[in-house]
Amino acid sequence: MSSSAVRIVALICLTSLFAIAAGTMTEDEVPTKDECSWTGDRCIMNCNGRKDDNYQSCHGCSVYAICFNGNILDDVKCLNRHFKWDDDDKRCRPTSKTCECRSNLVKVSDIVVAMNQESKEMETIQEKLNWARIWKKH
């Protein structure tokens with residue numbers, strides 16, 4: 001994990017601790033940045049090589065993306081806020097066969113486990129580098 005990623009995780013953890021203290025969040029949940037962490041394999045991030053049309057957004061199921069002349073207009077809301085984008089039908093419908101908004105919450109314990117694993121990997125790399133330096137000197 002890069003140092004900037006560690007800082008971001010630390011900021012999320014600190015923000016979450018304040019929310020837990022205020023009683024607005026449980027101890028085992030931390031919000032991620034976006035509404036959805038994933039909406040499916042059909043979502044797009046850009047319009048490179050795509051024809052002018054509407055597409056599934058990666059930002060949520062109640063929004064979609066429009067490609068026009070290679071440009072993307074993302075986060076276009078479905079007119080009915082309860083509808084979901086269906087990329088097969090290319091329109092908002094009461095249900096979607098193509099979009100699945102995954103939870104935007106992760107467990108704090110999962111973040112701690114990931115950080116501990118990264119720390120152990122960094123220690124192993126540092127140890128190998130130290131041995132390589134010792135070996136090189138001899």
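Buried means under 20% relative accessible area, exposed means over 50%, and partly exposed is in between (1.4 Å probe, protein chains only). With that in hand: W85 is buried, with a relative accessible area of 1%. This is a predicted model, where local features need pLDDT of at least 70 and side-chain atom pairs count only at pLDDT 80 or more, while totals for chains, interfaces and linings use all residues. Residues are numbered from 1 along each chain as its sequence is written, and side-chain values use heavy atoms, with hydrogens and water left out.

**Overall layout**

- The protein has two helices and seven strands; helices (H or I, at least four residues) and strands (E, at least two) are DSSP runs, numbered from the N terminus.
- Reading from the N terminus, the order of elements is α-β-β-β-β-β-β-β-α.
- There are 138 residues in the protein, and 24% of them count as buried.
- Take the contacts (heavy atoms within 4.5 Å) between residues at least 6 apart in sequence: 38% of them join residues at least 24 apart.
- Accessible areas come from the Shrake-Rupley method with a 1.4 Å probe, and for residues only the protein chains shown count as cover.

**Rings**

- The structure holds one aromatic pair, made by Y64 and W85, and it is stacked, at 4.6 Å centre to centre with 20 degrees between the planes.
- For the cut-offs: rings of Phe, Tyr and Trp (its six-membered ring) pair if their centres lie within 6.5 Å, and planes under 30 degrees apart count as stacked, over 60 as edge-to-face and the rest as tilted.
- This pair links distant parts of the chain, with Y64 in strand 3 (residues 63-68) and W85 in strand 5 (residues 84-86), 21 residues apart.
- Y64 counts as buried too, because its relative accessibility is 15%.
- Elsewhere, R50 has its charged end over the ring of Y55, 5.7 Å from the ring's centre. A charge sits over a ring if NZ of Lys or CZ of Arg is within 6 Å of the ring centre and within 35 degrees of the ring normal.

**Salt bridges**

- Side chains of opposite charge can pair when their charged atoms come close.
- Searching the whole structure turns up six salt bridges, where a salt bridge is a side-chain nitrogen of Lys or Arg within 4 Å of a carboxyl oxygen of Asp or Glu.
- D88 and R42 make one of them, at 2.9 Å from N to O. That pair links distant parts of the chain: D88 is in the loop between strand 5 and strand 6 (91-93), R42 is in the loop between strand 1 (30-31) and strand 2 (53-56), and they are 46 residues apart.
- D88 is partly exposed at 43% relative accessible area, and R42 counts as partly exposed at 37%.
- K90 and D87 also meet in a salt bridge, at 3.3 Å from N to O. K90 counts as partly exposed at 27% relative accessibility, whereas D87 counts as buried at 5%.
- R42, D87, D88 and K90 are linked in a network of salt bridges.
- D89 and K97 form another bridge, at 3.4 Å from N to O. D89 is partly exposed at 32% relative accessible area, while K97 counts as exposed at 60%.

**Nonpolar surface patch**

- M122, I125 and L129 make a nonpolar surface patch of about 280 Å². Patches are made of residues with over 30% relative accessible area and no salt bridge, with like charges joined within 9 Å and nonpolar side chains (Val, Leu, Ile, Met, Phe, Trp, Tyr) within 5 Å.
- M122 belongs to helix 2 (residues 108-137), and M122 is partly exposed with a relative accessible area of 49%.

- Most residues other than glycine have a negative phi, and most peptide bonds are trans.
- N69 has a phi near 55 degrees, a positive value in a residue other than glycine. N69 lies in the loop between strand 3 and strand 4 (71-77) and is exposed, with a relative accessible area of 56%.
- D75 also has a positive phi, near 65 degrees, and is a residue other than glycine. D75 lies in strand 4 and counts as partly exposed at 39% relative accessibility.
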